[in-house]
Amino acid sequence: FWVKNTEGRYLLCNEEFDRFNRIARNSALGGKASDLSEGEIYEIHRKTDEQALTSTEPVRFQLEIPQDENNETRFYEVQKIAIRDSAGEVSGLLGLARNITNQRKLENELRTREREYRLLAEHLPDCLIRYDASAKPVYMNAAVRHTLKERLGLDPVALMEDRQKLHANKAVFADLRNVVSEVLEYGKPQQTEITLKAPNGDEIVFELRLFPEFDDNGQTTSVVGVGRDITETKIAERQLKLNEQELRRLAYTDHLTGLANRTTFTTTLTEQLESTIAKGKKIALLTLDIDRLKTINDTYYQE
């Protein structure tokens with residue numbers, strides 16, 4: 001800190017002031033700012049001195065000091081206040097400066113990390129969505145916005161602002177919000193599947209993983225959801241199940257009549273015999289002979 005009179009001459013300076021200006025202790029007393037700085041730095045101090053001396057409010061600004069011998073640019077947060085006597089007349093100026101270089105470095109690093117995070121999030125093929133403490137969506141990456149707008153015909157901005165009429169998917173989004181609320185309440189991850197209806201009637205299935213985010217006190221403050229389109233996987237699973245059912249039908253039924261075939265008969269008889277023996281009981285087998293059945297079968301198969 002430093003104190004000047006109304007003529008701009010230094011009346012008091014602390015050790016940090018002298019150390020900053022690289023001068024001997026108290027050697028600035030009686031001198032002016034022009035003795036210590038020049039060019040743009042001097043002009044900034046001259047103008048801010050004038051502003052402070054004619055104002056009843058403090059003048060605050062940040063000052064960038066060019067690179068020193070260590071090739072390091074320093075940043076200072078400066079505040080200047082007019083000193084007034086008992087009659088309210090300006091008698092001098094008090095200046096305070098605080099080195100905020102490390103703070104600026106941290107802020108720049110945070111901004112860099114945030115840009116990197118956003119760049120990564122925006123280009124993820126998976127859907128990324130963040131919910132606030134009220135289970136309301138506050139961020140959606142490009143994959144989510146594309147799905148909502150191009151595939152579901154929904155407005156992402158209106159959806160986040162709770163202005164979107166969800167139509168066929170209203171119940172699905174309501175259920176999803178309940179799951180997000182559970183993650184917020186219990187602070188534990190959850191996984192769920194949601195099936196959305198497209199305007200053309202197609203179904204889009206998403207696997208969604210929800211993760212709680214915590215503050216320094218361990219309180220859940222938000223939820224991040226990572227979603228993946230598994231529609232093709234679901235279609236393949238359904239088709240595989242249908243194929244398995246068809247293969248089973250072909251293996252256990254007669255092609256012509258659709259009735260149980262010899263394989264079914266053998267399997268069923270074996271199961272019944274094993275069960276009867278285990279229970280110590282008896283079983284009867286009734287056989288019926290149908291005349292000329294083979295001839296009838298052969299006739300239909302030929303057709």
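Thr221 is found in strand 10 (residues 220–229); helices (H or I, at least four residues) and strands (E, at least two) are DSSP runs, numbered from the N terminus. The model is predicted: local features need pLDDT of at least 70, side-chain atom pairs count only at pLDDT 80 or more, and totals for chains, interfaces and linings use all residues. Residues are numbered from 1 along each chain as its sequence is written, and side-chain values use heavy atoms, with hydrogens and water left out.

Thr221 counts as partly exposed because its relative accessibility is 32%; buried means under 20% relative accessible area, exposed over 50%, and partly exposed in between (1.4 Å probe, protein chains only). Not counting residues up to four places away in sequence, Thr221 touches Asp132, Ala133, Leu184, Glu213, Phe214 and Asp215, where contact means heavy atoms within 4.5 Å. Leu269 lies 48 residues from Thr221 along the chain, and the C-alpha atoms of the two are separated by 63 Å.

Strand 1 (residues 2–5) is covered on both faces: Trp2 and Lys4 on one side, and Val3 and Asn5 on the other, are all buried. In a regular strand the side chains alternate between the two faces of the sheet.

| Partner of strand 1 | Sense | Bridges | Residue pair |
|---|---|---|---|
| Strand 2 (residues 10–13) | antiparallel | 3 bridges | Trp2 and Cys13 |

Strands 1 and 2 form a hairpin with 4 residues between them, and Gly8 in the turn has a positive phi of about 90 degrees.

Definitions and conventions: Pairing = 2+ DSSP bridges.
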